[in-house]
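Student: I'd like to go through the sheets and the helix packing of one model. Can you take me through them?

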Amino acid sequence: MASTSDRPESPTAMRRLLPADMVERGACPFDPPAGLRELRGKGAIRPLTLGNGAPAWLVTGLEEARAVLGDPRFSADRVRHPDATSPGPAAPQVESRTDGMFVFMDPPEHTRLRRLLTGQFTVRRMRALESRVREIAVEHLEAMRAAGTEADLVPAYALPIPSLVICEMLGVDYADRAQFQSNTAVALNSDTPDDERARAGLELYGFIQTLVDAKKAEPGDDMLSGLIHDADPPLTDAQLVDMALVLLGAGHETTANMLALGTFALLENPEQLAALRDDPGLLDNAVEELLRFLSIIQMGVSRVATEDVTIAGADVPAGATVIIATPEANRDPRHWDDPDRLDVRRRRVSHLAFGHGVHQCLGQQLARVELKVGLGELLARLPDLRLAVPAGQVPLRNEMLIFGVHSLPVTWGP
């Protein structure tokens with residue numbers, strides 16, 4: 001079984017080392033943290049001192065963020081170029097990577113592994129999945145209605161849709177979902193003690209390794225079987241486990257939280273909800289606006305400069321960590337009028353919810369399908385949907401790397 005001792009930890013560590021007012025959302029759960037909003041108009045890239053005393057750079061502008069994410073001089077490789085949140089030194093002696101964490105790699109290693117997956121996530125293939133996503137959505141909505149007039153939307157609807165889809169794509173038995181969902185939640189919780197996070201990571205690796213062994217013996221018509229039997233040259237077990245973990249974790253955590261938080265945002269913006277109900281043709285636009293408006297990947301991502309680079313007049317030295325503040329970059333007033341307002345009719349401008357450059361989210365088209373279908377069916381089949389508790393009582397995922405709500409009590413009864 002693969003060890004988790006040398007896995008990149010920068011996203012969790014980053015959240016721990018940033019000032020609380022830059023990572024915790026306040027009175028309005030849909031707005032960026034107050035510490036980020038206070039920086040608006042004061043420079044799109046600026047120096048920042050982390051909680052461990054290490055220097056870093058913070059990017060809050062959209063174009064500046066794209067410049068960093070699209071520039072090969074900024075590395076995502078946390079083995080060769082640990083960032084300011086990493087506990088150990090860089091390992092320049094490493095000539096080749098043996099793991100499969102392609103999200104923390106640079107080309108050409110990243111290119112090779114990602115290319116094995118791109119054919120699975122084409123726009124055409126994701127659209128072909130739309131009918132299956134709709135079946136899952138309708139099935140769960142009907143189960144909610146059959147059980148009464150109240151439900152917690154997270155376990156009853158928002159989580160099952162993407163979880164079922166990614167399980168079917170990878171060939172994971174959906175009956176095992178509780179195991180990987182609970183361990184993923186522990187691994188992504190920045191407040192969890194390190195030993196508990198390590199235990200959860202080991203259990204996740206063991207779970208996937210068992211699955212890999214089963215697919216080797218009896219391959220099926222699924223993505224993981226294809227990676228095992230069709231890759232040339234063959235992938236190692238470590239690469240297979242890592243790649244499956246990335247897909248499984250990202251495939252249910254992000255979309256589930258967007259679906260629940262997006263519903264919450266619409267319920268708290270009744271004029272936008274009414275516009276969407278009156279014109280379902282706005283659904284595509286609404287999905288993009290919610291992705292921009294909510295920006296659930298908390299602070300975003302980090303990169304390390306491999307040489308001296310000048311970005312928007314700022315001289316970033318080689319070895320410096322650069323942190324992309326996605327929630328604020330997606331509210332850049334230079335690109336959006338009244339950026340703090342949710343507007344499902346807003347003219348579409350490319351956002352950073354799925355990243356940018358070679359690491360742009362592989363599953364973004366799948367996420368769009370799941371969000372469009374999930375929101376569309378929810379609003380059409382539960383026309384009286386509303387919160388069952390005051391908005392202030394909805395528990396927020398401030399401690400998680402992926403923002404959202406822990407639960408969303410709703411009702412549609414009289």
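This is a predicted model: local features need pLDDT of at least 70, side-chain atom pairs count only at pLDDT 80 or more; totals for chains, interfaces and linings use all residues.

Student: OK. In what order do the five strands of the open sheet run?

Tutor: The order is 1-2-8-5-3, with mixed pairing. Strands (E, at least two residues) and helices (H or I, at least four) are DSSP runs numbered from the N terminus, and two strands pair if DSSP finds at least two bridges between them.

Student: Which strands stand at the edges?

Tutor: Strand 1 (45–49) and strand 3 (74–75). Each has a single partner strand, so one side of each is left without a neighbour in the sheet.

Student: What does strand 3 pair with?

Tutor: Strand 5 (residues 302–305), in the antiparallel sense over two bridges. Phenylalanine 74 stands opposite alanine 305 in strand 5.

Student: And how many bridges join strand 2 to strand 8?

Tutor: Four, and strand 2 and strand 8 run parallel. Leucine 58 has isoleucine 323 in strand 8 as its bridge partner. Strand 5 also pairs with strand 8, in the antiparallel sense over three bridges, and there valine 304 has threonine 321 as its bridge partner.

Student: Are the residues on the two faces of strand 8 buried or exposed?

Tutor: Thr321 and Ile323 on one side, and Val322 and Ile324 on the other, are all buried. Buried means under 20% relative accessible area, exposed over 50%, and partly exposed in between (1.4 Å probe, protein chains only).

Student: Which helix lies across strand 8?

Tutor: Helix 3 (residues 62–69), which also lies across strand 2 (55–59), strand 3 and strand 5. Helix 3 runs at about 130° to strand 8 (321–324). Axes are lines fitted to C-alpha atoms, for helices over the stretch in contact, and angles run from 0 to 180 degrees between N-to-C directions.

Student: Changing topic: at what angle do helix 10 and helix 11 pack?

Tutor: Helix 10 (residues 194–217) and helix 11 (residues 223–230) pack at about 65°, with axes 9 Å apart. They are therefore roughly perpendicular; angles of 65 to 115 degrees count as that, under 35 as roughly parallel, over 145 as roughly antiparallel and the rest as oblique.

Student: Which residues make the contact?

Tutor: Leu211, Val212, Lys215 and Lys216 of helix 10, and Leu224, Ser225, Ile228 and His229 of helix 11. Contact means heavy atoms within 4.5 Å.

Student: How do the axes of helix 10 and helix 12 cross?

Tutor: They come within 9 Å and cross at roughly 115°, helix 12 being residues 237–267. That makes helix 10 roughly perpendicular to helix 12. Among the residues that meet are Leu204 and Phe207 in helix 10 and Leu240 and Leu248 in helix 12.

Conventions: Residues are numbered from 1 along each chain as its sequence is written. Side-chain values use heavy atoms; hydrogens and water are left out.
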